[in-house]
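I opened the model to look up a few things and kept notes as I went. The entries follow.

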Amino acid sequence: MNRFFKSGGFKAAVMLAMVVIIFCFSGAAQASEDLYRRLSLIAKGQGDVTLIQTFNTESRTIDWTKSSEMLFEGNMRLLKAETVTGTEEQTSLFLVRNINGDLYILSVPPAAQRAKDGAGSFYAGLEKMLENKMIFRVQVENREINGESYAFARFIDHPRQLLFDRIFKISIILMLFFVMLGMGLTLTLQDFKLVILSPRGMIAGAFLQWAIMPLVAAGLGRLLGFYETFPFIYVGLMLITLSPGGVTSNLMTYYAKGDLALSISLTSFSTVLSLVFTPLLLTLYCANLPEVSMPVKLVVQTIIILVIIPLALGMSIRSRWSGFAKKATPFFSILGVVALLFLIIAGLISNIEMFADTQRYGFSFYAAVFVLTLLGMFVGGIFPKLVGINNYQTRAISLETGLRNASLAMAIAILIQDYMGDFYSSMLFTSGLFGLWMYVAGFLSIAVYKKVLPLEPQADTVLPG
C-alpha cells in the first residue's frame, strides 16, 4: 500500500477522480443552463407554454416527507409567460440556482396560503429576493413530467441575503453616484465648448466610442463564438464598449501627458450621449439573440439616476461654489480610482466561483476582455492620425477609446441581470474583469506612446495641470 502512495499510481487516481468530479459538475450545470434556456424561450412564446403551468401545479402535489435537505448560496430567477393570460400562479415560474449552477424549480404555495401566513411565510417578499445573492435552506425532490426528470425545491426557512452581497449592492450605487458627482465638480460649460473649438478631436473621439468600438466588440464576440454559445458574455462585451469614458481615462491621460482638457471634455460629452446611445445600441446589437430581452427603460433610468443627475448636480455646485468644488476635487478624484478598484475586486470576489467554470470563462474569454482594451487604444491611436490630429490629442483619444466607465457597466449589469435572465451573471463578471484589465492595458499603452506617439517639445509646456 505504501508503495502505491509513493508511486505515481496514487497521483493518477487523484487526478482521475478530480476529472470525473469536474465532469459531473460541469455536466449538471450545463443541463441546468440548457433547461433555463428552454424555459426562457417558452416564457417568450417559443414553445409549449403550458409546461410552466404544469410545473406550478405538479410542484404543489409533491410528497416532501422523504426528500433530502440542502443548504447553499445562490440566486433566484423568475420567468413570466408573455403570451398567455391567467393568474400570476399560472404564468410565473420561480427558479433557484446554486453557485455550482444546479437549477431547481421552486414550489410556491398558492397566493391564498401565502396571504394567510403573512410576514411569517418563508415566501414573503419573493420577488425582492430576485435582486440578491441569498442563502437557501430547502428540501429537494425529483419529479418526472412528460417523460423527463426535473428537480424541485421548497423553502424550509426564510432565505437570507448574504451580508457581503448587501454591502456590495449599496456600495456600487453610492460610489458610482458620488464618483459622477465628483466628475461634475470638475466640469463647467466651458468644457463642452471644445466640441466647437476642437471639433476634429471631439468628433473623432465620439465616432470611435460609439461607432467603431461597438463594431470591434461585436466582431470579437462573434469571432470567438460567444454570440452563439455564451450570449451573455457577448452582451457583457457590448455593455462595456457602450459605456462612456470614466475618471480612469482622465487619470491615465494625465500620466500619459496627453490633452487632459480634451480627455475630460470627451468623458463628459460621451456621458451625456450615453443616455441615448447606450440603450439604443445595446438593443440594436443584441436584437437577434433569442434569449436576450433588453430592458431599455431600466437602462435609461439607471443612467439618469446614477450618471446624469449627479453629473448635473456636481456642475451646479461648481458654478455656485467654485472654491469648495476645487478643494473637493482631489478627494473625489482619489475616490473615483479607489471606488472602481473596490467595486471590481468586490464584484469578482462575490462571484469567485466563476473562475472554476473554465468551459465558459476559459482562455478565449480572458483574452477577449484584455484584447478588447488593447484594440480600443490601438484603433484610438491610428484613426486620429489618419485625420491629421496631433500626438498630444491622439494620446487622449486613444485612452478615451480603450478605457471605459466599468463601474457604470457593472451597475447596469447588476440591475438588469435578473430581468434579462443572465443565468451566470456573465455581464457583471465581464464588466468587472474589463475594469481590472484596463489598468494594465492603460499603463502598457502609456509606455508605448513614448515611442509611437512622441510629443513635440512645446506640448509638454502646455499640458493642463
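**Aromatic rings**

I looked up F136 and found it buried, with a relative accessible area of 0%. I call a residue buried under 20% relative accessible area, exposed over 50% and partly exposed in between, with a 1.4 Å probe and protein chains only.

This is a predicted model: local features need pLDDT of at least 70, side-chain atom pairs count only at pLDDT 80 or more, and totals for chains, interfaces and linings use all residues. Residues are numbered from 1 along each chain as its sequence is written, and side-chain values use heavy atoms, with hydrogens and water left out.

I searched the whole structure and got 15 aromatic pairs. Rings of Phe, Tyr and Trp (its six-membered ring) pair if their centres lie within 6.5 Å; planes under 30 degrees apart count as stacked, over 60 as edge-to-face and the rest as tilted. One of the pairs is F72 with F136, tilted, at 5.9 Å centre to centre and 45° between the planes. F72 sits in strand β1 and F136 in strand β4, so this pair ties together parts 64 residues apart in sequence. Helices (H or I, at least four residues) and strands (E, at least two) are DSSP runs, numbered from the N terminus. F72 is buried too, at a relative accessible area of 10%. I also noted a cluster that ring pairs build from F72, Y104, Y123, F136 and F155.

**Strand β4**

Which strands pair with β4? I count two strands as paired if DSSP finds at least two bridges between them. β1 (residues 68–80) runs antiparallel to β4 (residues 134–145), with seven bridges. Here E69 has Q139 as its bridge partner. β5 (residues 148–155) is also antiparallel to β4, joined by eight bridges. V138 is bridged to F155 in β5. β4 and β5 make a hairpin with two residues between them, and N146 in the turn has a positive phi of about 55°. β6 (residues 160–161) pairs with β4 in the antiparallel sense over two bridges. R160 in β6 is the bridge partner of I135.

**E400**

I found E400 in helix α17 (residues 391–402). Beyond four places in sequence, the contacts of E400 include Q209, G245 and L266.

Key
Contact = heavy atoms within 4.5 Å.
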